[in-house]
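Good morning, and thank you for coming. I would like to walk you through how the chains of this complex meet one another.

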Amino acid sequence: MDIKVRVWRQASPSAAGKMVTYDVKGISPDASFLEMIDVLNETLILSGDDPIAFDHDCREGICGMCSMVINGVAHGPEKATTTCQLHMRKFSDGDVIDVEPWRAAAFPVIKDLVVDRTAFDKIIQAGGYITAPTGTAPDAHATPVPKKDADAAFEAATCIGCGACVAACPNGSSMLFTAAKIAHLGLMPQGQPERDSRVIDMLQAQDDAGFGGCTNAGECTTVCPKGIPLSLIGRLNSDYRKAVSKR
Amino acid sequence: MAVSGALLVFFLFAHAAGNLKIFVGESDFNHYAEWLRELGTPLLPHAWFLWIQRVGLLVAIGLHIWAAAALTIRAKKARPVKYAHRPKIQGSYAARTMRWGGVIIVLFVIWHILDLTLGKVNPAGGDADPSARVIEGFAPDRWYVTIFYVLAVVAVGFHLRHGIWSAVRTLGQQTTAGERRAKTIALVLSVILVAMYLSVPIAVTTGLVG
Amino acid sequence: MSANDFWAEGEPVFDKAAPDGPVETRWERRKFSAKLVNPANRRKLTVIVVGTGLAGGSAAATLAEAGYRVKSYCYQDSPRRAHSIAAQGGINAAKNYRNDGDSVYRLFYDTVKGGDFRARESNVYRLAQVSVNIIDQCVAQGVPFAREYGGLLDNRSFGGTQVSRTFYARGQTGQQLLLGAYQALERQIGLGNVEMNARHEMLELIIVDGKARGIVVRDMVTGEITTEFADAVVLASGGYGNVFFLSTNAKGCNVTASWRAHRKGALFANPCYTQIHPTCIPESGSHQSKLTLMSESLRNDGRVWVPKNAADCQKPAGEIAEEDRDYYLERIYPSFGNLVPRDIASRAAKNVCDEGRGVGPGGLGVYLDFADAIKRLGRKAVEAKYGNLFEMYERITGEDPYETPMRIYPAVHYTMGGLWVDYDLQSTIPGLFVVGEANFSDHGANRLGASALMQGLADGYFVLPNTISNYLAAGPFPAVQATDAPVVEARKEVEDRIAKFLSIDGDRTVDSFHRELGQIMWEYCGMERTEEGLTKAIGLIRALKEEFWTRVKVPGKGEELNQNLEKAGRVADFIELGELMCIDALHRRESCGGHFRAESQTPDGEALRHDDEFSYAAAWEYFGADGKPVLHKEDLNFEYVHPSTRSYK
């Protein structure tokens, strides 16, 4: 198939960027979206142009590195799918496809489609863990965990930290990301001792990083490649209210 | 947002319930309007309690707008560079129209007070009975006023549909069943409220009341 | 042509750190004999950890918890992304929660046997011992393992074992374990005990006075080259499966950190030991950039087959009658059936495809059919177990595996070879430790399923933190300065190499070289190898290397984010590694584990080992770009698990 892509090109963090149009010819519908960009880059290199910089790594939808807003939708048109798992068969011959980076003050552009997501690590640093230094653990069966809770914790823990929620949020809020970690750890008995301080500290870190506030717009969950549900934000709010009232 | 919004929702219901009095009779409606001013007497002088309510409402509206403005400013700061391809709305339409919906509602409320409370833009004028203001304000030949009113009330409905559900979420609702319940309640309440508010002007314009 | 045109033989190499005596107490005794570092002194000692996967992340967090100052490096944008995250199936541990006869000894036995008697008994026993601690540790961190209704941990049997000892978190066990390690690491970063450097790539090892004392790194955002110093360096930089271009590894996985250390004197052991995973999604065309693995757990319920007659291969699967299907694994290996170890399943798939009975594009695929499982368990149960894998398959191929059988084909997945380390995980360069897939030590010639996660975390959480203290006890070592001759030299090597890449300005892209290298490796150093093929491959690789250094085109400059420059450095190292892999494969004139040498097979076509000649680990020493690598043999002694022919029939 033959398509056109309009891609955000920005040489450096401080440079001004713009959308640039490229023709991509003869792409197999079985190619992934990133493989299409690979093919385009090969031709750009050989014609002496600068290839498009983009983040990617595992290309199987789990590392969370790939990050493209495709036609205004984070990770593109297919639900519950990362950019790397999106295939060209979801597009039609002759399409013009817009490709942009995540846009958020907390995720500054480094180059082209590559953004800096260190802010997410900062949120985790603030409390997204259970303190369990190596060697201190009791036997794994010492504390049974109801299957229901373990399953729910797992669902929340499948977040890949890609940042699509922030990219899609009209407020640029990272609430779904933070809520997923709060829920994962808060649902496990091991996570109870730090439950209150965790929610307060992580929310503070999120505000400090320059993310916007949540208005429950719900765009985040619709683009989330792992389908993290919006209800986790309610859980976070509830945890936060309880934690603050105990202070 | 959630707490101030909740106060405003309570007010809207009380206000709507009062409006329906007009179906009982014009004198009942006028009597109700007077009763509002007599509430709290003789503990408080005439109309004081109403003014307390009005001040309370203003504070709630102020807080609501202040919070909305703060969130909007934060949102703008959080995304300094806009998307070239306008983001598609994936979630709910109501959720994405809260801000402009809110602005429209504020403008409507100002007009609404000038019209039916103060009578400044009402053909019956400020000295007429409340029922006269309603009946002349929505008279059949002023159909355009009714249409404007209808649109504004529908905007309020949209605002509430997301607002009520969102408030429940902000206050900590978190289960899947609760999620469904909250959505249903938000929708039902919004529809009931819109129906209550629209019944009066439509009834007047179509001549059912008058 | 004699093999010795390609390599020379040197002195044997010995693992001096391993205690002898009863295998059950070796680890205990080693821990007791290892010198300790006073807690107050740990703050004065710095350790560099390269890589933030299961091994690197857990090591960095644990060392920091112990009080050392840690500097951590990864090429990804966050330490949460290393490719350990993609491991699907599970992690083994000898908990015997199922009371099905499992024990530390049985896990040890299975792993030595599964590794086709090419792993060290001491290491494997230790691995089995600490496996139980890993599960405890991960549960304490909040890893949401699958549980039963009673609230206890669930287990499943996995790839080639007859006990249920595999702990799992749906099909995302690697992700959950890595997030556990990542969160522990982030906690230490937040506390200021770890200095994290994401988007940084190690490009050279710095050796001062014979000790590993630092690394040269490139900041991948600004292109700045810096020299970083420490009292010890830990490489946790993963495997080198991407030498094949198409593999299940992440695109960024590379051998550069290990290879740079190898060039500086660290021995590289068993480079040709590659694991080819039997259940991957087949290639779909020339645009293919990587292969995707489908968890091996699928073989628990899926049945593998191809048409009996080559003529049926083009027909839709549904039109092939039951009696015309060849469930070849069940036929050839009746006692293990579809659950034979990976190497056997992979080679069997290759054999049937070589016979012309493969299905799908290019005839490179076999069916993995769930029709029986759906009939037996119901679609719902199958969905609960494998739903996410089925979805992934459908997303990639556009076919619905509930309706038509999946097509699978083997793909390179894991490399058992790596830098040679002793029992302490220390390489032949003092102060250079190697953990996880980057080392060679625990899996022999073939890794069992669900053992990679186990080894990565064993090394990082429990082994390295206990052994590195023995080395660090002699520190802090004299401060290294940026102006010291070895530092200046290492830095200059890096800068010159980058300048060279950028100056060639040829007419071929880096990827085109990588793809070509991969084709050579897959063809001649893949599932089946011959002396003739390997000899040819060495010639092809040498020619490719020359072409690379004259015709490669690397756009852009060094002082910016330049992904092609990053790739160029990695591919240059892969080319050199590829040659060594072929030499290693050539010298090992036996079939063992994942390595099938066509000249060494039984009359019925099964792998034939030669324990008399090849019961050793082959550790190679670098002798210059044009010199012959030197082979150092480490003899393997089997005191407990006596070599026998693996039979899964």
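**Contacts between the chains**

Let me begin with chains A and B: in this predicted model, 30 residues of chain B are in contact with 33 residues of chain A. Four helices of chain B, namely α4 (48-78), α5 (93-96), α8 (143-170) and α9 (176-205), each contribute at least two residues to the side that touches chain A. Of that side, the largest share comes from α4(B), which provides five residues. As to residue class, the side of chain B facing chain A holds eleven nonpolar, eleven polar and eight charged residues.

I turn now to chains A and C. Here the contact involves 65 residues from chain A and 63 residues from chain C. Which elements of chain A each supply at least two residues of the side that touches chain C? They are the helices α1 (33-46), α2 (118-125), α3 (147-157) and α5 (175-186), together with the strand β6 (109-111). The element that gives the most is α1(A), with seven residues. How do the residues on this side of chain A divide by class? There are 32 nonpolar residues, 18 polar ones and 15 charged ones on the side of chain A that touches chain C.

Finally, a word on confidence. For the complex, the predictor reports an ipTM of 0.98 and a pTM of 0.95. Within chain C, the average pLDDT is 95, and 99% of the residues score at least 70.

Conventions:
Residues are numbered from 1 along each chain as its sequence is written. Chains are lettered from A and ligands numbered from 1 in the order in which they are written. This is a predicted model: local features need pLDDT of at least 70, side-chain atom pairs count only at pLDDT 80 or more; totals for chains, interfaces and linings use all residues. Two residues are in contact if their C-beta atoms, placed from the backbone, lie within 7 Å. Ala, Val, Leu, Ile, Met, Phe, Trp, Tyr, Cys and Pro count as nonpolar, Asp, Glu, Lys and Arg as charged, and the others, Gly among them, as polar. pLDDT is the predictor's confidence in each residue, from 0 to 100.
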